[in-house]
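I opened the file to look up a few local features and wrote down what I found. The entries follow in the order I looked things up.

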Amino acid sequence: AGLSWALPPFFARDILLSLRILYWVHPLPGQIFGPLELALQKASVAGAEYLLQGLKSPAWADGLTLRTGLRIFEIPEACSGMKTAITVLLCTLALGILRRVRWFETAALVLLGLGQVLLLNMLRITVLVKAGANQSPEWSARALHETVAVFLLIAVSLVHFELALWLRWKR
């Protein structure tokens with residue numbers, strides 16, 4: 001009721017849809033969230049392994065850890081990027097609703113955003129493994145956790161920028 005009073009009448013039809021999305025997406029059940037988090041964590045570690053090998057850095061993935069010649073980098077599930085993926089999912093759905101794009105354009109934007117989250121997470125892990133070669137073992141877990149906010153801002157900004165480019169191209 002407060003949203004319908006606070007927002008202009010133009011947004012009235014979007015209020016119920018937005019609340020429904022928040023109700024559905026935010027508290028994802030553990031049966032969905034757990035396997036997705038593990039899959040994203042494994043894909044991020046595997047992708048970072050390939051990126052490191054492409055950069056001529058000897059590294060291999062062993063489950064949820066990256067091993068270099070000198071160090072072992074464990075990727076905790078809290079830093080898997082799943083919370084960022086959920087946030088990007090909510091932001092892309094909100095952008096699709098507010099910009100009034102077609103449902104298939106919103107679906108494509110969501111898939112693009114989630115793919116970018118995975119790629120950015122791989123890049124983040126790769127950079128931290130390269131930068132953390134001479135750091136203490138505690139540094140890598142702390143730095144990985146502390147870079148999530150920057151990672152989130154980049155991911156959401158990219159999705160917003162791509163939607164703006166798409167809408168401009170459509171006109």
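Where is the place of Ser44? I found Ser44 in helix 3, which covers residues 30–54. I kept in mind throughout that this is a predicted model.

Next entry: is Ser44 buried or exposed? The relative accessibility of Ser44 is 1%, and the cut-off for buried is under 20%, so Ser44 counts as buried. I then looked for a partner for its side chain. A polar atom of the Ser44 side chain lies 2.8 Å from the backbone oxygen of Leu40.

I noted 3 strands in an open sheet, ordered 1-2-3, with antiparallel pairing. Strand 1 (59–62) and strand 3 (72–74) are the edge strands, and each pairs on one side only. On average, neighbouring strands of this sheet are turned by 25° against each other, direction ignored. Strands of a sheet pair through backbone hydrogen bonds, either parallel or antiparallel. For strand 2 (residues 65–68) and strand 3, I noted 3 bridges in the antiparallel sense. I looked up Thr65 and found that its bridge partner in strand 3 is Glu74.

Helix 6 came next. Which residues of helix 6 (residues 137–146) are buried? I listed Trp139, Ser140, Ala143 and Leu144. They sit on the same side of helix 6 because they cover an arc of only 125° around the axis. As a reminder to myself, an α-helix has 3.6 residues a turn, so residues three or four places apart point the same way. On the face turned away from the buried side of helix 6 I found the exposed residues Pro137, Glu138 and Glu146. I also checked what the buried residues of helix 6 pack against: strand 3, helix 5 (103–131) and helix 7 (148–170).

Last, I looked at the nonpolar cores. How many residues does the largest nonpolar core have? I noted 21 residues, and those with the most contacts inside this core are Ile21, Val88, Leu93, Val117, Ala155, Val159 and Leu163. Helix 4 (82–98), helix 5 and helix 7 each supply at least two residues of this core. Helix 4 gives the most, with 9 residues. A second, separate core has 13 residues, among them Ala48, Leu66, Phe73 and Trp139. Trp139 is also one of the buried residues I listed for helix 6.

Leaving aside neighbours within four places in sequence, I found Leu163 in contact with Leu95, Arg99, Val101 and Leu109.

Notes: Residues are numbered from 1 along each chain as its sequence is written. This is a predicted model: local features need pLDDT of at least 70, side-chain atom pairs count only at pLDDT 80 or more; totals for chains, interfaces and linings use all residues. Side-chain values use heavy atoms; hydrogens and water are left out. Two strands pair if DSSP finds at least two bridges between them. Helices (H or I, at least four residues) and strands (E, at least two) are DSSP runs, numbered from the N terminus. Axes are lines fitted to C-alpha atoms, for helices over the stretch in contact, and angles run from 0 to 180 degrees between N-to-C directions. Buried means under 20% relative accessible area, exposed over 50%, partly exposed in between (1.4 Å probe, protein chains only). The arc is that of the directions from the helix axis to the C-beta atoms. Contact means heavy atoms within 4.5 Å. A nonpolar core is a set of buried Ala, Val, Leu, Ile, Met, Phe, Trp, Tyr and Cys residues joined through side-chain atoms within 4.5 Å. A polar contact is a pair of N or O atoms within 3.5 Å; within protein, one must be able to donate a hydrogen and the other to accept it, and residues adjacent in sequence count only if both atoms are side-chain atoms.
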